[in-house]
Amino acid sequence: MTWMRRGVRVLRWAGWALAYVLGLVALVFAGVWVWWQPEPEARGTVVNALWARHQWVGEEHTEQEYRDLGRLLRENRITDVFFHAGPFEADGTVPPAKYRNAGKLIQAMRKHAPGVRAQAYLGQIRKVDGYGITDLDDPAVRERVLRTDATFLDLGFDGIHYDFEPIYTGDAAFLELMERTRELTRARGRVLSVAIEQLTLVDAAQPVYRALIPRGHGRFHYPPRPTKKYLRDLADRADQVAVMTYDVSLPTRSLAGRHFAWHTEQTLRLIGDRTTVFMGIPTYRPMFDWAEDLPVALRGVRRGLDALDRPPARPYGVGIYAEWTTIPPEWALYRANWLPRGSA
């Protein structure tokens, strides 16, 4: 019966190990819950961004619709709107039919939302290791992207907002495109902004990911999170960086809030003195919508601000994703929980 006694011992040790692991998990959950309880002291800002749907550049709108948009932007202290104007074709162009209403939009913005920057939101699935659409490694494609950017600036847009995904750490072609685009926008007195994934938690893990997991858009691929150095490199080439902090996929409100707080603190410490930063917050319905929503994101960002030793030297705020998913009660929550007192 020796084998039975060994089996009992193994089961006993397995039980103790499981209890130990569950105990650690319970301590983590409890610790984060306790951390989450105090009300944030930091208030928000009046430098904020909004991703807006393609229909604004692609379809006709009434004067009343433009007037309502202008009022929404002014009321909520939105300074920058990323109007979806693409996506790029594989060759780096955008067919004119896709933005046939852009000129009227720009005129309406100047009339109903003066001072709010209307940026052309352009991007595509970046080709990586055989997956994707637009090959930024091809110099000819990058040249056509720049010519397309110039077309949108000629239409009157106040800037170019790039959202190529995935962008992996070490993507030299994308950095080169950023450099040349900024030369273009600065020569025109406009701005360049970029949407990028949230920081990787451990920079040293990137080589392990590269060695074990493929990149690109295959079924299994490692996440395109920038290292600290790569995020600094991007910030040095952009007037604004919008961090896509959403899609948390954590099961409790306190854990999701801790995610937003950590990334806000780390990102602003890293690049807040180099460029304007917008921390992305969701109003769509993510996978764990009971844990990740607008109030949790705003509270988390404010807790991250509380952790800073000093405010960043450059402007900062939040980027709301997205205009087409944000309903009036959420706008009211945003004003109450983010805008500085007396500004709403």
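**View 1. Where β1 meets β8.** Strand β1 (residues 48-52) and strand β8 (residues 316-321) run parallel and are joined by two bridges. Here strands (E, at least two residues) and helices (H or I, at least four) are DSSP runs, numbered from the N terminus, and two strands pair if DSSP finds at least two bridges between them. Within this pair, Ala-49 has Gly-319 of β8 opposite it. Please keep in mind that this is a predicted model, in which local features need pLDDT of at least 70, side-chain atom pairs count only at pLDDT 80 or more, and totals for chains, interfaces and linings use all residues. Residues are numbered from 1 along each chain as its sequence is written, and side-chain values use heavy atoms, with hydrogens and water left out.

**View 2. The closed barrel.** Eight strands form a closed barrel in the order β1-β2-β3-β4-β5-β6-β7-β8, with parallel pairing. From one strand to the next, the twist averages 25°. Helix α5 (residues 139-154) packs on the sheet and touches β3 (117-125) and β4 (159-165). The direction of α5 makes about 140° with that of β4; axes are lines fitted to C-alpha atoms, for helices over the stretch in contact (heavy atoms within 4.5 Å), and angles run from 0 to 180 degrees between N-to-C directions.

**View 3. The buried side of helix α8.** Which residues of α8 (residues 228-235) are buried? They are Tyr-230, Leu-231, Asp-233, Leu-234 and Ala-235, where buried means under 20% relative accessible area, exposed over 50% and partly exposed in between (1.4 Å probe, protein chains only). These buried residues pack against α6 (172-187), β5 (191-197), β6 (240-244) and α9 (253-271).

**View 4. Two cis peptide bonds.** The bond from Gly-86 to Pro-87 is cis, with omega near 5°. Pro-87 sits in the loop between β2 (78-84) and α4 (102-112). Another cis peptide bond joins Tyr-321 and Ala-322, with omega about 20°, and Ala-322 lies in the loop between β8 and α11 (328-337).

**View 5. Positive phi in two loops.** Most residues other than glycine have a negative phi, and most peptide bonds are trans. Arg-77 has a positive phi, near 55°, and belongs to the loop between α3 (63-75) and β2. Arg-77 counts as partly exposed because its relative accessibility is 31%. Asp-247 also has a positive phi, near 60°; its place is in the loop between β6 and α9.
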